[in-house]
Amino acid sequence: MALYTTVMEAVTAYTGLSPAAFFTILALMWVVYKTVCGMFVDPEELNNAKKPAAAAADVSPPAVVAPAEPVQLGDVTEEDLRAYNGSDPSKPLLMAIKGQIYDVSVSRMFYGPGGPYAMFAGRDASRALALMSFDPQDLTGNIEGLSEDELEVLQDWEYKFMEKYVKVGQLVSEKAQKHNENGKEHDS
Ligand code: HEM
């Protein structure tokens, strides 16, 4: 009882409040503290809450279907390449540099319909890339008359593509393609 009286006297002496007022304020502060804490989620708890979901995801199949592996096309004419410009979503997105065809499907945001570089898809864009040009006239694989600097720019693009994308074929002239087909017919 002596302890009780000492505590009450100390409360009054230190705070200038009556013990009833002091404990009422203390209780209110506790309620406010709990309410504010309840507004935030403990990161530990969040991690623990996520774990069972992640474990479940391990056993169920992934929601996102991985893009198909690039298919090798071999010899393709410029005209055939046009079909791979993104207008048919079931076909890969292809683009050629110096006659070498790359599967750029992973960069659909660049080359797909509505993308900033959609005009390059389904084309050999060598000239446009060498000249850093968006002029439709430059959308060709013809690199005649380019300066050394421009050819160097093109070379840098080619290195970038070789590193980033899978080569799936090469451009051939229509004549060469026909010749090849006839050759195959003769073989069989
Ligand atoms: C205002 C000028 C330009 C700006 C600000 C710009 C900006 C960009 C940016 C931010 C990227 C993404 C780079 C990455 O994440 O790897 C990109 C990619 C690209 N740019 Fe440009 N660009 C410009 C002009 C051009 C021009 C003139 C050409 C060619 C005619 C061009 C061709 C490309 C190509 C082909 C890619 C995609 C490369 C890949 O497949 O990784 N850009 N550009």
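A: The shell around the ligand is made up of ten nonpolar residues, one polar and two charged. Here Ala, Val, Leu, Ile, Met, Phe, Trp, Tyr, Cys and Pro count as nonpolar, Asp, Glu, Lys and Arg as charged, and the others, Gly among them, as polar. This is a predicted model, in which local features need pLDDT of at least 70 and side-chain atom pairs count only at pLDDT 80 or more, while totals for chains, interfaces and linings use all residues. Residues are numbered from 1 along each chain as its sequence is written, and side-chain values use heavy atoms, with hydrogens and water left out.

Of the 13 residues around the ligand, the nearest are Tyr111, Tyr117, Lys160, Lys164 and Tyr165; being near means having a heavy atom within 4 Å. Tyr117, through its OH, is the single protein donor to the ligand's iron atom, at 1.9 Å. Donors are N, O and S atoms within 2.8 Å of the metal (3.2 Å for Na, K and Ca), and water is not among the atoms, so sites may look incomplete. Tyr117 itself sits in the loop between helix 5 and helix 6.

Next come the polar contacts, which are pairs of N or O atoms within 3.5 Å. Tyr111 has a polar side-chain atom 2.4 Å from an oxygen atom of the ligand. For Tyr165, an N or O atom of the side chain is 2.4 Å from a ligand oxygen, and for Lys164 a polar side-chain atom is 2.6 Å from one.

Which helices build this shell? Helix 5 (108-111), helix 6 (126-131) and helix 7 (148-164) each supply at least two residues, and helix 7 gives the most, with three. Helices (H or I, at least four residues) and strands (E, at least two) are DSSP runs, numbered from the N terminus.

Now step back to the whole chain. Its secondary structure comes to eight helices and four strands, running α-α-α-β-α-β-β-α-α-α-β-α from the N terminus on. Of its 188 residues, 23% are buried, where buried means under 20% relative accessible area, exposed over 50% and partly exposed in between (1.4 Å probe, protein chains only).

How values were computed: Polar contact = N/O pair within 3.5 Å; in protein donor to acceptor, adjacent residues only side chain to side chain.
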